[in-house]
Amino acid sequence: MPERDEPEPWSDVAILAELPGLDIVTGISTGTLPRGPLAGLLGLEVTAAERGVVQARLSPREWMANVIGSVQGGVLVSMAEAVTGLAAQTLTGIDQNYRVLEIGLDYLRSPAVPGPVIELRSEAVRAGRRLASFETTLCATDGTVYVRAHANVQLLHRA
């Protein structure tokens with residue numbers, strides 16, 4: 001995928017309403033559906049998706065830096081929430097949507113800017129009919145963990 005420092009447009013919402021969530025995320029991973037504004041801005045590339053699990057990667061860019069030259073904490077939250085949201089999307093059916101109720105992060109290390117690739121993984125650790133809990137990690141390719149996140153998501157029926 002080309003590197004971009006601007007949001008990408010989102011797909012026609014009517015088209016997305018006709019697809020189960022896993023098909024949407026798979027479409028994003030294959031490039032048949034756009035990533036959406038935030039994922040495009042971050043340069044997020046979905047590398048694998050299955051029900052309740054999404055893996056992705058991105059490379060830190062200059063605009064993500066704080067004053068000490070590492071990725072700013074708010075950007076790390078956005079990365080974690082983006083991949084968690086995609087994992088939540090994989091749990092939804094044609095008649096469903098989701099919303100992140102809360103997300104908490106443990107900042108363990110700060111990735112450098114510019115820096116090597118960050119690998120992201122979000123996995124549902126519990127998924128019921130209405131609520132799901134996720135664990136998300138942001139790591140270096142050598143396995144060094146930068147961030148551990150936990151989130152609770154509400155699965156909704158579309159109105």
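Visitor: In what sense do β1 and β2 pair, and over how many bridges?

Guide: Strands of a sheet pair through backbone hydrogen bonds, either parallel or antiparallel. In this predicted model, β1 and β2 pair in the antiparallel sense over five bridges, and E45 stands opposite R57 in β2. The hairpin of these strands has two residues between them, and G52 takes a positive phi near 85 degrees there.

Visitor: What do the side chains of R57 and E45 form?

Guide: Side chains of opposite charge can pair when their charged atoms come close. Here the side chains of R57 and E45 meet in a salt bridge, at 3.1 Å from N to O. Because R57 lies in strand β2 and E45 in strand β1, the pair ties together parts that are twelve residues apart in sequence. R57 counts as partly exposed at 37% relative accessibility, and E45 counts as partly exposed at 25%.

Visitor: How many salt bridges does the structure hold, and which residue forms one with D106?

Guide: The structure holds three salt bridges. D106 forms one with R148, the closest N and O atoms being 4.0 Å apart; since D106 lies in strand β3 and R148 in strand β6, this pair ties together parts that are 42 residues apart in sequence. D106 is partly exposed at 34% relative accessibility, and R148 is partly exposed at 45%. In another salt bridge, the side chains of R121 and E123 meet at 3.0 Å from N to O, with R121 partly exposed at a relative accessible area of 32% and E123 partly exposed at 32%.

Visitor: In what order do the six strands of the open sheet run, and which are the edge strands?

Guide: The open sheet of six strands has the order β1-β2-β4-β5-β6-β3, with antiparallel pairing. Its edge strands are β1 (45–50) and β3 (96–107), each of which pairs on one side only. Neighbouring strands of this sheet are turned by 20 degrees against each other on average, direction ignored. Within the sheet, β5 (residues 131–140) and β6 (residues 145–157) pair in the antiparallel sense over nine bridges, and the bridge partner of L131 in β6 is Q154.

Visitor: Which strands does helix α2 touch, and which does helix α4 touch?

Guide: Helix α2 (residues 21–30) packs on the sheet, touching β1 and β2, and its direction makes about 145 degrees with that of β1. Helix α4 (residues 73–89) also packs on the sheet, touching β1, β2, β3, β4, β5 and β6, and its direction makes about 140 degrees with that of β3.

Definitions and conventions. Residues numbered from 1 in each chain as written. Predicted model: local features only at pLDDT ≥ 70, side-chain atom pairs only at ≥ 80, totals over all residues. Heavy atoms only, no water. Pairing = 2+ DSSP bridges. Helix = DSSP H or I, 4+ residues; strand = E, 2+ residues; numbered from the N terminus. Axes fitted to C-alpha atoms, helices over the stretch in contact; angles between N-to-C directions. Contact = heavy atoms within 4.5 Å. Buried < 20%, exposed > 50% of the residue type's maximum accessible area, 1.4 Å probe, protein only.
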